[in-house]
Amino acid sequence: LDKLAERLLAARCPVLIAGHELATRDALREAEELAEVLGAPVYQQTVAYAAHFASEHPAFMGSLTRTQSVARAALMPYDLAVNLGGDMLRMSVYSPLDALPEGLPIVHISERDAELGKNYPTEIAIHASVKETLRALLPLLRHKMNADQVSAAQNRFAEVAKNNWTAKRAKLVADMAARADTQPIDPRFLMMQIADALPKDAVVVEEGLTSTASLQSFLRVRDAQSFHGLASGGIGFAMAGAVGVSLALPQRPVYAVVGDGSAMYTIQALWTAAHYKLPITYIICNNQSYRILKERLVSMRKTEKFIGMDLRDPVIDFVGLAQSMGVPAMRVERPADVMAALRQPAPGGPRLIDVRVADGFGN
């Protein structure tokens with residue numbers, strides 16, 4: 001702990017990477033305190049599959065994303081990366097550009113020993129509970145900090161707040177005004193509407209891949225159980241995962257935001273949700289295709305010859321599917337109807353909203 005505290009205080013411009021274990025150990029508040037003490041900005045780990053940090057906290061900058069160039073640009077200004085219980089720059093599609101800037105040292109705290117040093121060498125690797133480590137570390141840091149270090153941390157904190165997640169969100173919301181009448185519905189507009197419609201105690205289960213790429217930029221994450229996303233590359237968890245989340249958190253409404261392709265892997269979960277009368281709102285982001293496969297084909301094979309990637313012949317009737325399993329359902333095609341559909345009173349059990357969104361390829 002003493003070595004760790006000295007290393008953190010020696011950094012002129014540290015950055016925190018908020019990871020999965022902050023959610024599993026309910027350590028969001030401890031991570032917030034560390035950001036405040038150090039005056040450090042906080043980025044969410046590259047793959048957001050839990051509520052890693054409170055999005056409205058002044059230190060929060062948003063997600064690093066799974067794109068190497070974006071993550072690298074975000075990390076360039078800093079002289080120490082402190083990973084709190086997360087994966088270390090797990091990416092998606094290959095790029096010759098490394099996500100980690102050259103020479104950026106890493107401090108990594110994790111209970112998952114396989115993560116320590118897996119992707120990048122660490123200067124300090126600590127195999128321990130991130131929550132208990134921070135609880136022990138915070139008073140030690142405060143004790144060790146001199147007046148100059150306190151002043152420097154306060155100045156850094158003030159600078160971070162100028163371009164944090166909240167400021168970025170406000171700009172995105174303003175940009176969405178130009179997309180309020182676009183049909184098919186722009187997925188970014190839909191994500192904004194969903195985030196604005198959610199009750200404060202809502203839990204979001206997300207597996208929309210391409211359609212939900214902007215969700216983290218709009219969604220207000222407030223506690224360790226408020227968000228659950230896709231951790232692996234294999235799709236199909238969210239329809240059934242929402243059932244598990246609802247059973248575990250029976251007093252909270254669950255909103256499952258799922259792509260049409262992902263939904264078809266475990267669509268039968270609707271019957272289970274109806275059987276147990278679970279308060280789940282399923283929102284199907286329906287672009288009538290496997291857009292993620294199309295994007296990968298363009299990225300990796302430089303072709304737009306898409307075989308077996310469209311779901312249009314015949315079109316899948318998600319409203320009919322849901323109703324056949326006892327789930328009330330409706331279809332939304334106009335942007336003006338999205339908010340009204342989301343805010344309709346819950347039927348005393350699950351419901352499904354099939355939203356027609358743009359597929360990113362002109363349809």
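Gln193 touches Pro335, Val338, Met339 and Leu342, residues up to four places away in sequence not being counted, where contact means heavy atoms within 4.5 Å. Gln193 is found in helix 8 (residues 187–197), helices being DSSP runs of H or I with at least four residues and strands DSSP runs of E with at least two, both numbered from the N terminus. At 11% relative accessibility, Gln193 counts as buried; buried means under 20% relative accessible area, exposed over 50% and partly exposed in between, with a 1.4 Å probe and protein chains only.

This is a predicted model, in which local features need pLDDT of at least 70 and side-chain atom pairs count only at pLDDT 80 or more, while totals for chains, interfaces and linings use all residues. Residues are numbered from 1 along each chain as its sequence is written, and side-chain values use heavy atoms, with hydrogens and water left out.

Thr46 lies in the loop between strand 2 (42–44) and strand 3 (60–63), and its side chain reaches the backbone oxygen of Arg90 at 2.6 Å. Leaving aside neighbours within four places in sequence, Thr46 is in contact with Ser63, Leu64, Thr65, Arg66, Leu89, Arg90 and Met91. The two residues are set out below.

| Residue | Relative accessible area |
|---|---|
| Gln193 | 11%, buried |
| Thr46 | 5%, buried |

In helix 1 (residues 2–10), the buried residues are Leu4, Ala5, Arg7, Leu8 and Leu9. Their cover includes helix 3 (28–38), helix 5 (130–144) and helix 6 (147–160), together with strand 4 (80–84), strand 5 (106–110) and strand 6 (124–127).

For the chain as a whole, there are 15 helices and 12 strands. Its radius of gyration is 21 Å, close to the 21 Å that the globule rule gives for 363 residues, so the chain is as compact as a globular protein of that length; the radius is taken over C-alpha atoms, and the rule is 2.2 Å times the number of residues to the power 0.38. Along the principal axes, the C-alpha atoms fill a box of roughly 65 × 50 × 40 Å. Of the 363 residues, 54% count as buried, and residues 24 or more positions apart account for 74% of the contacts with a separation of 6 or more. The chain exposes about 15900 Å², of which carbon and sulfur atoms supply 53%, the areas coming from the Shrake-Rupley method with a 1.4 Å probe.

Definitions and conventions. Polar contact = N/O pair within 3.5 Å; in protein donor to acceptor, adjacent residues only side chain to side chain.
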